[in-house]
Amino acid sequence: MRITDIQRCEVRPGRLVEWTLSPATVAAATAVPEDTRPPAYIQESHIRTAKCVREDGLFVPTWLGTAFDIPGAVDLDVLQEALRAWTVRHETLRSGFRWAGDAGDELRRFTLDAADVSLHREDPGDFPDADRLVRHLQGRFDSVADALRWPNLIYTAVVRPDGVSVYMAFDHSNVDAYSLHRIPAEVTELYTAGLTGATPDSGGPVASYVDFCQIERADADGIDARHAVVDRWREFIRRCDGTLPGFPVDLGLEPGGPLPRQRMLCEPLADAAEAAAFEAYCRPYGGSQVGLLAATGLIVHELGGAPVYRTVVPFHTRVKSRWSDSVGWYVGGAPIEVPVGRATEFRDTLRAVRDELRAARPLSRMPLARVLSLLGADFRPTSPDLYSIVSYCDARTIPGAEHWAEQRAHGLIRVSYGDQVCVWVNRLHEGLWLAGRYPDTDVAAKNLRLYVERLRDRIASVAHGSLTAAVS
């Protein structure tokens, strides 16, 4: 699934239909008692950041979404039931938060029973112009899939005689990229089963992200400021001059200036053969993720001169198989520090990244928000991103991945404001795909373009060298 934004996911004209949680569902939510299972630290941090930024006078949409096609004349009633069945299957989507406590600053969860969840359909009508349709979809997603409201999800379909395009958006607090990648196959299976009367394989119960939140938070609350994980982060932040790392190249930002708008960059990095050869070369050191981070470290040294590449690497926290089918935000971060100033061989940097990742990965299971609270540091959030990332995911084994191209499936990112650089590289059946958002300055655009071009050249050089070696 290619990650992109709503402007680049090939939206085509048609008749628009929208679904949100029904007024009856919203009314039921106001009366449901408190759910004692707490928010995950990452959820709470996200919501509090949105609140701080909003109070500073800036609306920063941060929703995530997915887009995919279903061929043939659509039965909207069957599609609605498929969407409802998929929604109630994942408990986090029928769970939300209220502000409570004496000062009104505590987040308390509520969760609806599956039987209380229904969808309400609206028909905004025909959109013969694709650009106007894109503007409408983005506006609706911004207003509904908002961190500071509930419900914060919306489903839409663009109906045409030859099929339907489905677009779904969620506040980030309930989904991660892996959750989005699974949606096309699950919803399509439920829809097809509804048409034929078959029993869908994906219709059964799944583990609840709300349960995971409770387990993870209990573990996190069991440590104190003397824990080894906290010590590691303390030293890392100290070597980052008391903050969390940004992308170590010039982004053309004014110190203390307003939060800048962002741009989106998305394009292929390598074809299938190059991606396979790059993976084969990097496999003795840990694979393509290690190769991507090693290449990035060397490139940002070339562009910015930093002798050590410091970054926070995102890892999924679905460490037990029970969570593999669950929709939620299962992501943690691990700090790594890689010397790049004197590196002369790509292999040297591969080894250094491998060793850092092995040592640091267990740290990703401890929520960073908990660590920061124990450090006592005043990381008052002024941006939706605490730090810059370069993320890698081999998405080829996700159920339904082999159909993404014919489904025109995309993962959607809302690009709005931010002072960090976030890069995602996905391994697809057709090769490596890069998506990123970065501050909208001429300097940042120039340096991100140089970064992507040099990253593509590095991958191609390694791949073709590896291919040549294999042939010889």
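This is a predicted model: local features need pLDDT of at least 70, side-chain atom pairs count only at pLDDT 80 or more; totals for chains, interfaces and linings use all residues.
**Exercise 1.** State in which hand α3 passes α5, and classify the angle between the two helices.

*Solution.* Residues are numbered from 1 along each chain as its sequence is written, and side-chain values use heavy atoms, with hydrogens and water left out.

Step 1: Helix α3 (residues 76–89) packs against α5 at an angle of about 130°, the axes lying 8 Å apart. Helices are DSSP runs of H or I with at least four residues, and strands are runs of E with at least two, numbered from the N terminus. Axes are lines fitted to C-alpha atoms, for helices over the stretch in contact, and angles run from 0 to 180 degrees between N-to-C directions.

Step 2: The pair is therefore oblique, since under 35 degrees is roughly parallel, over 145 roughly antiparallel, 65 to 115 roughly perpendicular and the rest oblique.

**Exercise 2.** Find which strands stand at the edges of the open sheet.

*Solution.* Step 1: Its seven strands run in the order β1-β14-β4-β9-β8-β2-β7, with mixed pairing; two strands pair if DSSP finds at least two bridges between them.

Step 1: β1 (2–4) and β7 (119–127) are at the edges, each with a single partner strand, so one side of each has no neighbour in the sheet.

Step 2: From one strand to the next, the twist averages 20°.

Definitions and conventions: A crossing is left-handed if the near helix is turned anticlockwise from the far one by less than a right angle, and right-handed if clockwise.
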